[in-house]
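Here is a friendly briefing to read alongside the model. Have the viewer open, and take the topics in turn.

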Amino acid sequence: MKTKVKNSILAVALACFALSGCAKKVDIEAPATLKSALESKFYIGTALNQSQFTGQDTAGIRIIKEQFSAVVPENCMKSEVIHPEENRYDFTQADQFVAFGEANNLFITGHCLIWHSQTPPWFFVDATGKDVSKEVLIERMKNHITTIVSRYKGKIKGWDVVNEAIMDDGSYRESKFYTIIGEEFIPLAFQFAHEADPDVELYYNDYSMTFEGKRSGVVALVKSLQEKGLRIDAVGMQGHIGMDYPEIDEFEKSLLAYAALGVNVMITELDLTVLPHPGGHVGADVAQTAEYKQEMNPYADGLPADVDAAWTARFNDFFKLFFKHQDKITRVTLWGVSDGDSWRNNWPVPGRTDYALLFDRNHQPKPIVNLIINEATKK
Ligand code: G3I
């Protein structure tokens, strides 16, 4: 039979088959991603480094676009970068970061306006090097916050207004902001940020948020802001966790204590280290350093299967906790895209190999990514 005739008979047959409804509509769904799976639960975010928001890290950028719905700058909006001298701002990197977030339709968080670390020395002293007065420092804080928040009004949706102002025992950190102004530097910071952009969300952000002292200190702080009628939308629990700290039920206790204040909870800087911590001290105080010792870097050549499995199980337990309280949590942000990006490789011991994030050094998703997606989408 002529091919032409054969083809037309085939075409007719296929048309009839399709019309008969017998053809099963094969719904070829795009593979689920963290962003798609978590869309109805909370933002899933990541911290961006300069090579990502400037377009250099193409592998990392692919993951960011595919997997995440929120971004925060790891470093480019810290005072030492964005406001290096009293009368000089440098918005180069911050503008690039915000442009990346807008171009990819991401929820953009600013980090961070007032922090004791990475604040350039000029902020606290006069021309002679003496500490400035309370009034001068308040004016400098107001100028800093107003200039930056106003610039990104309508683009940045939430700010880490004050970062790490409470110690593990609940006392105020004796930063220069505290010793010169007193505890009112915190409400002033929230007031200035709100005046600069009345619509932007405002957060208090800190680490080791499961210590009892810290928990009551942060609860007291949030209550004091609320009693002053100041806007505070969320408490950021950074979530720099280890294999044996914190106890997950302590984490839940803190999460519930903050949520009970009527604010949202955000997990803002999540990572899970597998490495030993010198001195057994935990937390995320960037000022901590320790000398390199071989025994502190046990997995330089790769992660043993049993450790990898334990890491996956622990991370999965935390995400199950986040799903359990998804009505209180509005954002979970990983502190970096792939293992090679993580600050954990160099803190507190420089030059180590950690495995703290959701994507490995080859920018491949670890098994935890599918576990999170399956847990989020299971019926
Ligand atoms: O960009 C400069 C570069 O020009 C210079 O050559 C190089 C060497 O001096 O330093 C580079 O800046 C470094 C920056 O990371 C970017 O890599 C800073 O020295 C270094 O201190 C900075 O570390 C960051 C740290 O905060 C201090 O700002 C980490 O990447 C960042 O992950 C970490 O993040 C903090 C959060 O902001 C707050 N919560 C704790 C968390 C972990 O410490």
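F123 counts as buried because its relative accessibility is 0%, where buried means under 20% relative accessible area, exposed over 50% and partly exposed in between, using a 1.4 Å probe and protein chains only. F123 and F177 form an edge-to-face aromatic pair, 5.8 Å centre to centre with 70 degrees between the planes. This is a predicted model, in which local features need pLDDT of at least 70 and side-chain atom pairs count only at pLDDT 80 or more, while totals for chains, interfaces and linings use all residues. Residues are numbered from 1 along each chain as its sequence is written, and side-chain values use heavy atoms, with hydrogens and water left out.

**Aromatic pairs**

- Rings of Phe, Tyr and Trp (for Trp, the six-membered ring) pair if their centres lie within 6.5 Å; planes under 30 degrees apart count as stacked, over 60 as edge-to-face and the rest as tilted.
- The structure holds 20 aromatic pairs.
- F68 and F359 form one that is edge-to-face, with 6.2 Å centre to centre and 65 degrees between the planes.
- F68 lies in the loop between α4 (58–67) and β2 (70–73) and F359 in the loop between β9 (329–334) and α13 (367–377), so their pair ties together parts that are 291 residues apart in sequence.
- F68 and F359 are both buried.
- The F123 and F177 pair also links distant parts of the chain: F123 is in the loop between β3 (107–115) and α7 (134–151), and F177 is in helix α8 (residues 176–181), 54 residues apart.
- F177 has a relative accessible area of 2% and is therefore buried.
- Which residues do ring pairs link into a cluster? They are F42, F251, W311, F315, F318, F319, F322 and F323.

**Charges over rings**

- A charge sits over a ring if NZ of Lys or CZ of Arg is within 6 Å of the ring centre and within 35 degrees of the ring normal.
- The charged end of K366 sits over the ring of W311, 4.2 Å from its centre.
- For R361, the charged end sits over the ring of Y355, 5.1 Å from the centre of that ring.

**The chain as a whole**

- The secondary structure comes to 13 helices and nine strands; helices (H or I, at least four residues) and strands (E, at least two) are DSSP runs, numbered from the N terminus.
- Of the 379 residues of the chain, 51% count as buried.
- Along its principal axes, the C-alpha trace spans about 100 × 45 × 40 Å.
- Among contacts (heavy atoms within 4.5 Å) between residues at least 6 apart in sequence, 77% join residues at least 24 apart.

**Helix packing**

- Helix α10 (residues 212–227) and helix α11 (residues 248–259) pack at an angle of about 10 degrees, with their axes 10 Å apart.
- Axes are lines fitted to C-alpha atoms, for helices over the stretch in contact, and angles run from 0 to 180 degrees between N-to-C directions.
- That angle makes α10 roughly parallel to α11, since angles under 35 degrees count as roughly parallel, over 145 as roughly antiparallel, 65 to 115 as roughly perpendicular and the rest as oblique.
- K214, R215, V218 and V219 of α10 make the contact with E250, K253, S254, A257 and Y258 of α11.

**Two buried sites**

- A234, in strand β6 (residues 234–237), counts as buried because its relative accessibility is 0%.
- Not counting residues up to four places away in sequence, A234 touches L202, Y203, Y204, V263, N264 and M266.
- H277 is in the loop between β8 (264–273) and α12 (305–324), and its relative accessible area of 16% makes H277 buried.
- Leaving aside neighbours within four places in sequence, H277 is in contact with Q288, M296, W347 and P348.

**Backbone geometry**

- Most residues other than glycine have a negative phi, and most peptide bonds are trans.
- The peptide bond from H111 to C112 is cis, with omega near -10 degrees, and C112 is in strand β3.
- Y245 and P246 are joined by a cis peptide bond with omega about -10 degrees; P246 is in the loop between β7 (240–242) and α11.
- E164 has a positive phi, near 55 degrees, and is found in the loop between β4 (158–163) and α8.
- S208 has a positive phi too, near 45 degrees, and lies in the loop between β5 (201–206) and α10.
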